[in-house]
Amino acid sequence: MTDLTKMKVAEARDALRRGEVTSAELTEACLSAIDGAGALGAFVHHTPEIAMDQAKAADARIKAGDAPSMCGIPMGIKDLFCTKGVPSQAASAILNGFKPEYESTVTSQLFDAGAVMLGKLNMDEFAMGSSNETSTYGNAVNPWRRGNDDTALTPGGSSGGSASAVAADLCLAATGTDTGGSIRQPAAFTGITGIKPTYGRCSRWGIVAFASSLDQAGPMTKDVRDAAIVLQAMCGHDPKDSTSADLPVPDFEAALTGDIRGKTIGIPREYRMEGMPDEIEKLWSDGTAMLKDAGAKIVDISLPHTKYALPAYYVIAPAEASSNLARYDGVRYGHRAKLAKGDGITEMYEKTRAEGFGPEVQRRVMVGTYVLSAGFYDAYYNRARKVRTLIKRDFEQVFADGVDAILTPATPSAAFELGMQVDDPVQMYLNDVFTVTVNLAGLPGIAVPTGMDRQGLPLGLQLIGRPWEESDLLNTAYALEQSAGFVAKPSKWW
């Protein structure tokens, strides 16, 4: 079999079980592809020895007839997940040299299911960014290019390395995390599928925290079926995470019938933003028509507090980051600044954090500390929490009225040039305009590639589902994927 790395998870699983290929062969093909893709900046910590050991163990399990769906599947792990004995830096200089003595719950579950770790993937520092340009490792690069233009484009953020690696066929799937769109926006920018499950569906234990009430792990894959397979392996109750839901995990793949007759899809009027590009508008109306043709009922809905979502998010997320990042002080692990004679503990904290945190992380920590400070707590943080409740109530009302899923654009544009928005944080934050509401309300959301812009770049649509109904959401996404028929791949230039 040629082009093993181009296989999808479901294809590879079936080929492995039929004995047409071994996990060792698949893994070697991926490792070879990674070695030849340095220009993408996707993989930042390589673990070939671990990968080959896990692949051989997976082959033995498959031979013995004990093979879960993920057994033998080579994948990449975002650098935000703690992996035992392997650098886990959250793409920050402040965690330089940190090798955890424990495994995150999500990676433990994937490894128990037989998945193979090829290495750790690039990301924005502490998951703060929409373009993967805040990483201590340097930029991750989108494998897609505009026409004959060789300008480097962003793969999106913060899970940019994950998106780039999956789109470029360096791995069959990858883990991502999503605090305000960090799975769905990069998936849309790179023509792949990314799902953020309901808050509490995947354990957060062992994932470096950004904003604890918003963070959620999820898979980034080549299609919806693969997303269902990988998500099932990642989910489950974890007593080590107080926000983890003690609910049974359905068979997500079994739900993929593609039959959405009788389903009601809501189109929120507030998402028709001023200045929205024609291509995004057309993509949205085309997607709506596809779902209607598949038998769904289309209704206009209102989510009136949508316009307050971005400001509320950029108060709540930095506030939680300010609290979570206080632990990085140079005392117990990671980077510690060199001190001058006479420097005390205060100077150590100040110098370590100034050297270890990049500008975007510093900006958000300062914003967060400010909104939590005496005199501003009620004016900013408490008010943002109240707005969050109203946003959540908007969705609850719509679902109570019989809507099964909501269709929106995933991003306000196609992938943009690296360096284009770096000097304007507000412009960068606007990339999250369609995705942050989902995190604020704790809902599941999925990005599916459904078209191309006039320059040949992929565009994605987002489906938002009812809480805990990922099965239904994945099935609607599957129907959209079948109708859209998106199969384009980037031309290899790296």
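Predicted model: local features only at pLDDT ≥ 70, side-chain atom pairs only at ≥ 80, totals over all residues.

Before I point at any strand pairs, one definition: two strands pair if DSSP finds at least two bridges between them. Helices (H or I, at least four residues) and strands (E, at least two) are DSSP runs, numbered from the N terminus.

Residues are numbered from 1 along each chain as its sequence is written, and side-chain values use heavy atoms, with hydrogens and water left out.

Okay, the sheet. It's open, with eleven strands in the order β1-β3-β2-β4-β6-β5-β10-β11-β9-β7-β8, and the pairing is mixed. The edges are β1 and β8 (297–301), each with a single partner strand, so one side of each has no neighbour in the sheet. On average, neighbouring strands are turned by 30 degrees against each other, direction ignored. For angles, axes are lines fitted to C-alpha atoms, for helices over the stretch in contact, and angles run from 0 to 180 degrees between N-to-C directions.

Let's zoom in on β4, residues 173–178. On one side, β4 runs parallel to β2 (residues 74–78), joined by two bridges, and Met-75 stands opposite Ala-173. With β6 (residues 216–221), the pairing is antiparallel over six bridges, and there Thr-177 stands opposite Ala-217.

So how buried is β4? Six of its six residues are buried, so the rest of the structure largely encloses this strand. Buried here means under 20% relative accessible area, exposed over 50%, partly exposed in between (1.4 Å probe, protein chains only). Remember that in a regular strand the side chains alternate between the two faces of the sheet. In β4 both faces are covered: Ala-173, Thr-175 and Thr-177 are buried on one side, and Ala-174, Gly-176 and Asp-178 on the other.

Helix α5 (residues 160–167) packs on the sheet, touching β1, β2, β3, β4 and β6, and its direction makes about 155 degrees with that of β4. Contact means heavy atoms within 4.5 Å.

Now α2, residues 23–35. Its buried residues are Ser-23, Ala-24, Leu-26, Thr-27, Cys-30, Leu-31 and Ile-34. They cover an arc of only 160 degrees around the axis, which puts them on the same side of α2; the arc is that of the directions from the helix axis to the C-beta atoms. Exposed Ser-32 and Asp-35 sit on the face turned away from that buried side.

Next, the largest nonpolar core, which has 155 residues. That's a set of buried Ala, Val, Leu, Ile, Met, Phe, Trp, Tyr and Cys residues joined through side-chain atoms within 4.5 Å. Helix α9 (residues 309–324) gives the most to this core, with ten residues. Phe-126 is among the residues with the most contacts inside the core. Leaving aside neighbours within four places in sequence, the contacts of Phe-126 include Leu-80, Ile-94, Phe-210, Tyr-328 and Phe-357.

Most residues other than glycine have a negative phi, and most peptide bonds are trans. Ala-91 has a positive phi near 55 degrees, and is buried at 0% relative accessible area. Asp-169, in the loop between α5 and β4, has a positive phi of about 60 degrees. Finally, a cis peptide bond joins Gly-157 and Ser-158, with omega about 5 degrees.

Technical notes
Expected span 1.5 Å × (residues − 1).
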